[in-house]
Amino acid sequence: MPRVTFLHSNGRSGEVDENISLLDAAKEVGFRLNHDCGGNASCTTCRVEVQAGHEHLSEIDFDEQDLLDREALTEAHHRLACQARVLGDVVVRVPEAKWENQKTTATEAWG
Ligand code: FES
């Protein structure tokens, strides 16, 4: 099973099922990752920066690339966690700024 690591002050790491999205992988390892649009590639709140294992993620499809381009997130390491599927070990950084006003704990968020 692939190991996915979320680098963040509340980061988590763990093994997850292959071919699930990074967003679902976050849920599996107990890490709360924002996903305001519900995983429909329309908000970018699930954006992560791939630090290692870029080749172990599914290729960017048109919808993901289009949204990243519109938000000027054009560097290759930017991915939408709701769209990128896990194919092998990967390490991603979650920008801290997205969490500044979050008061929900991981337990509250994921039940
Ligand atoms: S959850 Fe909105 S783009 Fe991924």
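Student: Which residue is the bridge partner of Val4 in β2?

Tutor: This is a predicted model. Strand β1 covers residues 3-7 and strand β2 covers residues 12-15; they pair in the antiparallel sense. Phe6 of this pairing has Arg12 as its bridge partner in β2. For Val4, the bridge partner in β2 is Gly14.

Student: How many residues lie between β1 and β2 in their hairpin?

Tutor: The pairing of β1 with β2 is antiparallel and runs over 4 bridges. Together the two strands form a hairpin. The number of residues between them is 4.

Student: Which residue in β5 is the bridge partner of Ala52?

Tutor: Strand β3 spans residues 47-52. β3 and β5 pair in the antiparallel sense, over 3 bridges. In β5, Ala52 has as its bridge partner Val91.

Student: In β4, what is the bridge partner of Val48?

Tutor: β4 covers residues 78-80. It pairs with β3 in the antiparallel sense over 3 bridges. The partner of Val48 in β4 is Arg79.

Student: What is the order of the strands in the open sheet?

Tutor: Start from the pairings. β3 pairs with β5 and with β4. The sheet has 5 strands with mixed pairing, in the order β2-β1-β5-β3-β4.

Student: Why is one side of β2 and of β4 left without a neighbour in the sheet?

Tutor: Both strands have a single partner strand, so one side of each has no neighbour in the sheet. Their place in the sheet is at the edges.

Student: By what angle are neighbouring strands of this sheet turned against each other on average?

Tutor: The sheet is open and holds 5 strands. Take neighbouring strands and ignore direction. The average turn is 30°.

Student: Is Asn19 buried or exposed?

Tutor: Asn19 lies in the loop between β2 and α1. Its phi is positive, about 75°, although Asn19 is not a glycine. Asn19 has 11 other C-beta atoms within 10 Å, and the cut-off is 12 or fewer. Therefore Asn19 is exposed.

Student: Is Ala41 exposed or partly exposed?

Tutor: Ala41 is another residue other than glycine with a positive phi, near 55°. It is found in the loop between α1 and β3. Ala41 has 18 C-beta neighbours inside 10 Å, so it counts as partly exposed.

Student: Which residues does Val29 touch, not counting residues up to four places away in sequence?

Tutor: Val29 is found in helix α1. With 17 C-beta neighbours inside 10 Å, Val29 counts as partly exposed. Its contacts beyond those sequence neighbours are Val4, Arg12, Ser13, Gly14 and Val16.

Student: What distance separates the C-alpha atoms of Val29 and Gly11?

Tutor: Along the chain, Val29 and Gly11 are 18 residues apart. Val29 belongs to α1.

Technical notes
Residues are numbered from 1 along each chain as its sequence is written. This is a predicted model: local features need pLDDT of at least 70, side-chain atom pairs count only at pLDDT 80 or more; totals for chains, interfaces and linings use all residues. Two strands pair if DSSP finds at least two bridges between them. Axes are lines fitted to C-alpha atoms, for helices over the stretch in contact, and angles run from 0 to 180 degrees between N-to-C directions. A residue is buried if 20 or more other C-beta atoms lie within 10 Å of its own, exposed if 12 or fewer, and partly exposed in between; C-beta atoms are placed from the backbone. Two residues are in contact if their C-beta atoms, placed from the backbone, lie within 7 Å.
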